[in-house]
Amino acid sequence: MNLKQFVEEFAANVAGQTDAIWRGDSKTGNRHAKKYLAAFDKLRAHGDAGRTALVSLLAHPRMDVRVKAAAYLLRYRTAEAKGVLEEAAKSEGMIPFIAAQVLKNWEEGTWNLDLE
């Protein structure tokens with residue numbers, strides 16, 4: 001697989017997890033979570049090139065995908081990622097709540113999604 005395919009896998013499985021959660025299907029949601037985490041690990045293994053590839057998702061049409069990508073890019077592309085999270089956090093619902101929590105953890109110094 002190339003970097004673009006890992007990014008597509010990340011996005012598809014974030015969306016899949018969200019859709020499964022809305023259906024109340026935690027088992028399927030958990031399978032999607034494992035897959036997007038594996039895709040992120042593969043991207044991270046490519047260093048800055050992998051993270052740069054993930055940046056394209058900051059403009060994804062789905063808010064859940066943008067927010068998840070931003071959460072994983074905070075240390076690498078802080079200003080852009082915070083902008084996505086701040087914009088999402090202005091709304092109401094599950095995804096805006098997640099965006100607000102990510103920002104809170106970032107400000108408190110407890111965010112560490114990109115570390116092993």
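Helices are DSSP runs of H or I with at least four residues, numbered from the N terminus. The model is predicted, so local features require pLDDT of at least 70 and side-chain atom pairs count only at pLDDT 80 or more, while totals for chains, interfaces and linings use all residues. Residues are numbered from 1 along each chain as its sequence is written, and side-chain values use heavy atoms, with hydrogens and water left out.

Helix α6 (residues 94-108) holds both E108 and K104, four residues apart, about one turn of the helix. These two residues form a salt bridge with closest N and O atoms 3.8 Å apart; the term denotes a side-chain nitrogen of Lys or Arg within 4 Å of a carboxyl oxygen of Asp or Glu. E108 is partly exposed because its relative accessibility is 49%, and K104 is likewise partly exposed at 41% (buried means under 20% relative accessible area, exposed over 50%, partly exposed in between, with a 1.4 Å probe and protein chains only).

The structure contains nine salt bridges. Another joins D41 and R44 at 3.0 Å, N to O. These residues are three apart in helix α2 and therefore separated by about one helical turn. D41 is partly exposed at 41%, whereas R44 is buried at 16%.

R44 also belongs to the contact (heavy atoms within 4.5 Å) between α2 and α3, to which F40 and L43 of α2 and G50, R51, A53 and L54 of α3 contribute as well. The axes of α2 (residues 26-44) and α3 (residues 48-55) come within 6 Å and cross at roughly 130°.

Elsewhere, D19, R62 and D64 are linked in a network of salt bridges.

Conventions. Axes are lines fitted to C-alpha atoms, for helices over the stretch in contact, and angles run from 0 to 180 degrees between N-to-C directions. Helices (H or I, at least four residues) and strands (E, at least two) are DSSP runs, numbered from the N terminus.
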